[in-house]
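Let's take a friendly walk through this model together. Have the sequence and the coordinates open as you read.

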Amino acid sequence: MELLNSAAVGVFSLVFVLLALGWLLSAGRAISRACFRSYGTRRLLDWKGLPAVSTPEASRVRGRARASP
Amino acid sequence: MQGFAPLLSEGLEYVTRPVLWNVPLPLVVLVYVGGIGTFAWGAWRVWERTRPARARGRIAPEVGWGRRARAFLADVLLQRRVAREAYAGTMHLFIWSGFVVLFLGTVLVFLEKDTPLHFWYGNFYLASKFVLNLFGLLFLVGVVMAMLRRYIFRPARLHQTLSDGLVLPLLFLVGFTGFLVEGARIAAALEGVPGASVGGVTPTFERWAFVGWWLAGWFRGLVGGESLGLLHRSLWTAHLVLVLTLFVAFGYTKLYHAGTAGANLTLARRRARGALPYVDLEREDLETVGTATLAHVSARAALDLLACTECGRCQDRCPAWITGKPLSPKWFVLDLRDALVTRPPDTPVPGRVIEDEVTWSCTTCMACVEACPVGIDHVEQIVEVRRNLVLMESRFPSEAAATFRNMENSGNPWGLGNHTRAEWAEGLGVALLSSGAEVEWVYWVGCAGSFDDRNKKVARALARLLQQAGVSFGILGPEELCTGDPARRLGNEFLFQTLAKQNVETLNRYGVKKIVTACPHCYNTLKNEYPQLGGVYEVWHHSQLLADLVKAGKIKPGSLDSATLTYHDSCYLGRYNQVFASPREVLRSVGGLKLVEMPRSGREGLCCGAGGGRMWLEERIGKRVNLERAEEAIATGAPLVATACPFCATMLADGVAARGEDERVRVVDVAVVLAEAALGGL
């Protein structure tokens, strides 16, 4: 039982540490994209997304979009 | 650091907390039974609705368990695809990581309480409390970021539904009340309320649970003594009711993507992006082709639909949507999904669920697929609808009829005599395989290189470069037919297979091993789709071969007059086949040229508008896609716009001319740039 308890501590500790490192890496990638890539920077600042051309046909879909559940 | 120090060597058994102290037991039972039961009922509803899809066959595994495990690790657990966008990615990463760690915390508590294991005490307890508090806090930060984004800075691509309005506050309240419960328990323990701490100790070590500790101080100032026990019990009750609601929400709101998206990214992971599914048209029991009704949605497609998180990244990048066409990849998926789970299976898809113009607007550029954080293949599903329209309903744009006829009668979309295919090579001494030439490479010229005057120059440039480098190559000439790519993307699978089988027969007859082509559409079809018909070859794009030859010193690039140039990524070369570097290497090898990138480049490159057979269709709605792209290229100020695709070159040149910039801006293929530098002109 002592061994199992130690194993549980070891497994949880390892999983927490590895996950934390992995997520740090993912967050780092996301933030570096924003800082060092022009497109990423634009996306971070441009909250409204890319400008889309408005046409009656596209608006039809957009209208349906609003009506959908 | 008083309180952070006591990593004790004695009395470690007391450095822990009582599990499920002061909890109203009936409520716990209600959460387990009611919550999980309601969730299961919601999940069962969806499961039942997808019965026709599942009856059409299981999702055949396309990749091994190793790749699935890697996908689970990178795309699900570590959120690699989600984190491609800085704000939304970080926001979701916080929520997800908090969710996972808090879930692991629950598992940990379960193991401690309901199994013979006893390990949650002492230093491990302190460390775990710190980690759980940290990630719990990140969870709340992520939810607040999401609320700010949804309620204050909402991007156009996000639509709002009632459940969207409820889910985020619910997540916040679950996380927040979790901390309040902890704070109340610590406060009660510090005030000596019986049962609030193990062994009745005063748990100053709980400083490691830094958020709970801070809240405990606040509670002690607010409520004193025994009342803290009552407060703790009340907060527990509120927390459990919220958890119960969250369980229910998982079955009935888009929160279920936590399960379906993970399954889509791992279990249903696709092998290659460039190959459309093969249809055995000679099967005797074949009743229909493509998506005729909701009952014809495949299991894989159904999982795709259910995985959608409604984030709208696909819509933001879709060239059709950006230029005002009626296609939004997001709404294509959501309309189909909503129909799948609410309408009868015999509901027709084309014309009823998905309007024809939506289907024909797609350029199959894969920007949506590339952007999708949960691995949905919109393009595959759009082509399935097209297949039904073309092969079963005979309902398609009139221009497509002419293209199909030309390909059928002449073996090329232009409808020009196929016997003139090799005329571009006159005087160059290029070997024809029919003459018995033994060559290492077959140069697959493609229809554009053979018949289109602009692209004949590319063919000549490439042939001369290969000759200079001493590459042994030949061409098929009149024996080459269109690969069938436009027909397949337009939904005419029958015509595609007719042409492809003839080409495979020809290539296999000559024992061809290696193919080089300047057309990314031919490249993709030969490389990824011909194996479905027994044609397996080593296929190179000319930019890859040229880059190799330059590196090997077999082509000396030389230099041109000093100029800047920009490079337009072909979708079928870039996003489809991950060839981003080679064309740029070729361009950078030429002295005097300075490469500047457009804002949308590489994986984020914008389509020219020609893919998916759109090259052969009129563009009547909204702004022309090639204009949108040409304007972006013109805005770089570069006098040269390079590309590595004959169709992109044609579309961009038309766009540049339409903006009256054709005197200043020249659109050229990378092979032409290299040939002008290396050979001193063409």
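Which residue is the bridge partner of B:Lys514 in β5(B)? The partner is B:Glu538.

## Ground rules

This is a predicted model, in which local features need pLDDT of at least 70, side-chain atom pairs count only at pLDDT 80 or more, and totals for chains, interfaces and linings use all residues. Residues are numbered from 1 along each chain as its sequence is written, while chains are lettered from A and ligands numbered from 1 in the order in which they are written.

## Chain A

Chain A has 3 helices and 0 strands, running α-α-α from the N terminus. Helices (H or I, at least four residues) and strands (E, at least two) are DSSP runs, numbered from the N terminus. Of the 69 residues of chain A, 14% count as buried; that takes 20 or more other C-beta atoms within 10 Å of a residue's own, with 12 or fewer for exposed, partly exposed in between, and C-beta atoms placed from the backbone.

## The five-stranded sheet of chain B

Back to the strands we began with. In chain B, 5 strands form an open sheet in the order β1-β3-β2-β4-β5, with parallel pairing. Its edge strands are β1 (431-432) and β5 (538-541), each pairing on one side only. Strands count as paired if DSSP finds at least two bridges between them; β4 (residues 514-517) and β5(B) have 4 bridges.

Helix α22 (residues 520-529) of chain B lies across β2 (441-444), β4 and β5, at about 165° to β5(B). Such angles run from 0 to 180 degrees between N-to-C directions, and axes are lines fitted to C-alpha atoms, for helices over the stretch in contact.

## The four-stranded sheet of chain B

Another open sheet of chain B has 4 strands in the order β7-β6-β8-β9, again with parallel pairing. Its edges are β7 (591-596) and β9 (666-669), each of which pairs on one side only. Neighbouring strands here are turned by 35° against each other on average, direction ignored.

Strand β8 (residues 640-643) of chain B is joined to β9(B) by 4 bridges. B:Thr643 stands opposite B:Asp669 in β9(B).

Helices α25 (residues 625-635) and α26 (residues 646-658) of chain B pack at an angle of about 75°, their axes 8 Å apart. That makes α25(B) roughly perpendicular to α26(B) (65 to 115 degrees; under 35 is roughly parallel, over 145 roughly antiparallel, and the rest oblique). Residues making the contact include B:Leu627 and B:Ala630 of α25(B) and B:Met651 and B:Val656 of α26(B).

B:Asn626 is found in α25 of chain B. Buried or exposed, where does B:Asn626 fall? B:Asn626 is buried because 27 other C-beta atoms lie within 10 Å. Leaving aside neighbours within four places in sequence, B:Asn626 is in contact (C-beta atoms, placed from the backbone, within 7 Å) with B:Cys608, B:Gly609, B:Met651, B:Leu652, B:Asp654 and B:Gly655.

## Nonpolar cores

A nonpolar core is a set of buried Ala, Val, Leu, Ile, Met, Phe, Trp, Tyr and Cys residues joined through C-beta atoms within 7 Å. The largest has 153 residues, and B:Leu465, B:Leu546, B:Leu652, B:Ala671 and B:Leu674 have the most contacts inside it. Helix α27 (residues 670-678) of chain B gives the most to this core, with 8 residues.

B:Leu546 touches B:Leu465, B:Ile555, B:Val586, B:Ala671 and B:Leu674, not counting residues up to four places away in sequence.

Terms used. Contact = placed C-beta atoms within 7 Å.
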